[in-house]
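Student: Could we go through this structure together? I am new to it and would like to start with the strands.

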Amino acid sequence: MSQFSSAFTAASSVSLPPPSFNVSVSKRSFIYCCSSPQSRTTVVNGKFDGKIFERDEIRFGLPSKGRMAGDTLDLLKDCQLSVKQVNPRQYVAQIPQLSNVEVWFQRPKDIVRKLLSGDLDLGIVGLDTVSEYGRGDEDLIIVHDALKYGDCRLSLAIPKYGIFENINSLKELAQMPRWTIDRPLRVATGFTYLGPKFMQENGLKHVIFSTADGALEAAPAMGIADAILDLVSSGTTLRENNLKEIEGGVVLESQAVLVASRKALIQRKGALDTTHEILERFEAHLRAADQFMVTANMRGSSAKEVAERVLSQPSLSGLQGPTVSPVLCKRDGKVAADYYAIVICVPKKALYKSVQQLRAIGGSGVLISPLTYIFDEETPRWRELLSKLGL
């Protein structure tokens with residue numbers, strides 16, 4: 001059992017749901033102080049004491065390692081917010097386009113903890129990390145909930161063999177008579193908050209959790225656990241270790257999110273404006289990433305007649321409708337418009353179908369251009385954020 005600890009003991013300071021579980025934990029509080037040359041604040045029971053300390057810069061936490069770290073830097077670069085590091089080993093960097101922002105590279109769980117302690121103002125992490133380490137704290141606000149990378153799910157998995165061979169759902173797992181106070185279901189996981197919470201909400205009473213330093217997939221085969229609760233992307237690793245997901249066993253669907261401290265957004269000078277700019281850039285880029293701009297020429301008697309033909313095709317409506325402009329040429333000494341240029345945005349997945357429909361109604365010279373940004377009059381997520389802040 002060198003890789004796995006036993007069930008949480010009374011020495012643990014992990015806060016779990018009400019004790020309907022056969023899990024022994026203490027409820028003692030903890031107090032610690034976080035200080036820096038610019039600030040001093042106190043955290044009690046994981047709660048920020050309510051005062052925002054003074055500093056001029058806005059601190060933006062980014063993942064320091066792994067695939068999410070690279071994908072986060074790519075997103076920022078695509079949004080013209082490239083991160084500049086003098087030395088790749090340094091944990092502090094700058095975004096030249098945001099002069100008041102200081103980037104801090106941290107472990108994802110530390111980003112969440114430092115948002116709560118007031119040492120960071122904004123961060124990008126997976127939703128699973130926010131949910132596990134934020135524990136529902138009202139000071140954490142999800143500013144953008146779908147950055148379109150880091151997709152995974154937190155899921156319960158059991159062996160395909162033995163007593164679990166015919167168990168295919170969470171309900172069937174819960175109804176197995178073998179789980180008792182003396183012999184509870186043993187679950188290996190790193191999610192010591194979400195795991196017990198999920199089990200309680202789904203009526204599994206006799207459950208005991210253990211933590212793991214290595215690969216969780218080995219725990220059932222070693223006889224250390226009956227099931228695991230872990231992040232799953234493709235499911236290949238589970239299958240290769242003779243494990244399976246079960247119906248109703250997904251705790252959380254996760255991807256990268258932009259998260260902020262409520263107190264920082266309200267109290268720190270410039271934080272809300274900076275968040276607005278970052279959000280606008282993210283929204284504009286992510287919306288454009290799924291679209292192409294299509295331009296074509298079409299003969300017609302008027303712009304209205306051409307527009308009616310275009311709108312008769314279901315995939316040619318664009319974002320708000322087609323833009324139709326006359327193509328002017330000189331004929332017999334006079335300027336006339338025999339053709340009209342149509343410009344529309346179409347989803348990438350519907351591109352070829354849209355081109356076929358344009359051709360069918362007389363379109364020619366079809367040009368396809370990728371889009372970088374699509375800025376709305378105002379992003380809906382900005383309105384949602386202001387509503388959450390009571391502004």
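Student: How many bridges join strand β15 to β18, and in which sense do they run?

Tutor: Six bridges join β15 (residues 291-299) to β18, and the two strands run antiparallel. Strands here are DSSP runs of E with at least two residues, helices are runs of H or I with at least four residues, and both are numbered from the N terminus. Two strands pair if DSSP finds at least two bridges between them. Phe 292, for instance, stands opposite Pro 370 in β18.

Student: Before we go on, what kind of model is this?

Tutor: This is a predicted model, in which local features need pLDDT of at least 70, side-chain atom pairs count only at pLDDT 80 or more, and totals for chains, interfaces and linings use all residues. Residues are numbered from 1 along each chain as its sequence is written, and side-chain values use heavy atoms, with hydrogens and water left out.

Student: Back to those strands. What is the order of the open sheet of four strands?

Tutor: The order is β16-β17-β15-β18, and the pairing is antiparallel. β16 (323-331) and β18 (363-370) have a single partner strand each, so they stand at the edges with one side left without a neighbour in the sheet. On average, neighbouring strands of this sheet are turned by 25° against each other, direction ignored.

Student: Which strands does helix α10 lie across?

Tutor: Helix α10 (residues 303-311) lies across β15, β16 and β17 (334-347), and runs at about 130° to β15. Helix α11 (residues 351-360) also packs on the sheet, where it touches β15, β17 and β18; its direction makes about 155° with that of β18. Contact means heavy atoms within 4.5 Å. Axes are lines fitted to C-alpha atoms, for helices over the stretch in contact, and angles run from 0 to 180 degrees between N-to-C directions.

Student: Let us change topic. How many strands form the open sheet with mixed pairing?

Tutor: Five strands form it, in the order β11-β10-β12-β9-β13. β11 (207-210) and β13 (243-254) are at the edges; each has a single partner strand, so one side of each lacks a neighbour in the sheet. The twist from one strand to the next averages 25°.

Student: How many bridges pair β9 with β12?

Tutor: Strand β9 (residues 152-159) pairs with strand β12 (residues 227-232) in the antiparallel sense over five bridges. Within this pair, Arg 153 stands opposite Val 232 in β12. Helix α3 (residues 127-134) packs on the sheet and touches β9, β12 and β13, with its direction at about 80° to that of β13. Helix α5 (residues 194-201) packs on the sheet as well, touching β9, β10 (185-189), β11, β12 and β13, and its direction makes about 110° with that of β13.

Student: And strand β6: how many of its six residues are buried?

Tutor: Five of the six residues of β6 (residues 101-106) are buried, so this strand is largely enclosed by the rest of the structure. Buried means under 20% relative accessible area, exposed over 50%, and partly exposed in between (1.4 Å probe, protein chains only).

Student: Which residue in β6 is the bridge partner of Gly 61?

Tutor: The partner is Trp 104. Strand β4 (residues 58-63) pairs with β6 in the parallel sense over six bridges. Strand β5 (residues 92-94) runs antiparallel to β6, and three bridges join them. A hairpin through six residues joins β5 to β6.

Student: At what angle do helices α1 and α9 pack?

Tutor: Helix α1 (residues 66-78) and helix α9 (residues 271-288) pack at an angle of about 95°, with their axes 9 Å apart. The two helices are therefore roughly perpendicular to each other; angles under 35 degrees count as roughly parallel, over 145 as roughly antiparallel, 65 to 115 as roughly perpendicular and the rest as oblique. Leu 75, Leu 76 and Asp 78 in α1 meet Phe 282, His 285 and Leu 286 in α9.

Student: One last topic. Where is Gln 80 found?

Tutor: Gln 80 is in the loop between α1 and β5. Its phi is near 60°, a positive value in a residue other than glycine. Gln 80 counts as partly exposed, at 44% relative accessibility.
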